[in-house]
Amino acid sequence: ERVKTRARPDDLLTPHSMAWFDVRLNPAYGTIEDRVSCQQPPAAQLAVAALTLGLVENRDGICHLAGRLTRDQWQDIRFLACKTGLDVVYPGISVCDLVLEMLKIAQAGLEKRGLGEEKYLRPLFDRHATRCCPADNAIKRFREGGVKDIVSRHDMRNYPGC
């Protein structure tokens, strides 16, 4: 059965009540929330926010990088990297090299601001250098000591200032 629908202005509020993996609209403030930045380990809480800000500040750099591949290629690369890590090679393209280029683009964007914010990218450069991310660390801890070890290592009372 066909149902005709009609857009209404309050339709903009519908996605506000949903959790999105990457971003979420916030019509009350007229903004787009960067949801990934809220999911970092205590020692890297500002890393992804700095990455996002650096990329926005160096729009030309990230647009140039993004334009080198098709949308489908980027989606394939993202899927492979999520599944297997940074060392994946997508037909002739090193994902690790793309990540490093993206980090340098963000770093240049932050340096242009002149506020010293590029220091917050250090955890991401470290992850690139070691090819190890928080998920890799969690897997290692799980294998060594199970869920109990993961929970005890992430007890906020163990972090300075808590």
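**Helix contacts and salt bridges**

Trainee: What does glutamate 57 count as at 26% relative accessibility?
Mentor: Partly exposed, at 26%. Buried means under 20% relative accessible area, exposed over 50%, and partly exposed lies in between (1.4 Å probe, protein chains only).

Trainee: What sort of model is this?
Mentor: A predicted one: local features need pLDDT of at least 70, side-chain atom pairs count only at pLDDT 80 or more, and totals for chains, interfaces and linings use all residues. Residues are numbered from 1 along each chain as its sequence is written, and side-chain values use heavy atoms, with hydrogens and water left out.

Trainee: Back to glutamate 57. Which side chain meets it in a salt bridge?
Mentor: Arginine 113, at 3.2 Å, N to O. Arginine 113 sits in helix H4 and glutamate 57 in helix H1 (residues 47-57), so the pair ties together parts 56 residues apart in sequence. A salt bridge needs a side-chain nitrogen of Lys or Arg within 4 Å of a carboxyl oxygen of Asp or Glu. Helices (H or I, at least four residues) and strands (E, at least two) are DSSP runs, numbered from the N terminus.

Trainee: How many salt bridges does the structure hold?
Mentor: Five. One of them joins glutamate 101 to arginine 68, closest N and O atoms 2.7 Å apart. Glutamate 101 is in H4 and arginine 68 in the loop between H2 (59-66) and H3 (71-84), so this pair links parts 33 residues apart in sequence.

Trainee: What does arginine 122 pair with?
Mentor: Aspartate 126, at 3.3 Å, N to O. Both lie in helix H5, four residues apart, about one turn of the helix. Elsewhere, salt bridges with shared partners join Glu57, Arg113 and Glu117 into one network.

Trainee: New topic. At what angle do H4 and H5 cross?
Mentor: Roughly 160 degrees; the axes of H4 (residues 95-113) and H5 (residues 122-130) come within 10 Å. That makes the two helices roughly antiparallel. Axes are lines fitted to C-alpha atoms, for helices over the stretch in contact, and angles run from 0 to 180 degrees between N-to-C directions. Under 35 degrees counts as roughly parallel, over 145 as roughly antiparallel, 65 to 115 as roughly perpendicular and the rest as oblique.

Trainee: Which residues meet there?
Mentor: Cys96, Val99, Leu100, Leu103, Lys104 and Gln107 in H4 meet Leu124, Phe125 and His128 in H5. Contact means heavy atoms within 4.5 Å.

Trainee: Last one. Isoleucine 32: buried or exposed?
Mentor: Exposed, with a relative accessible area of 60%. Isoleucine 32 lies in strand S2 (residues 31-34).
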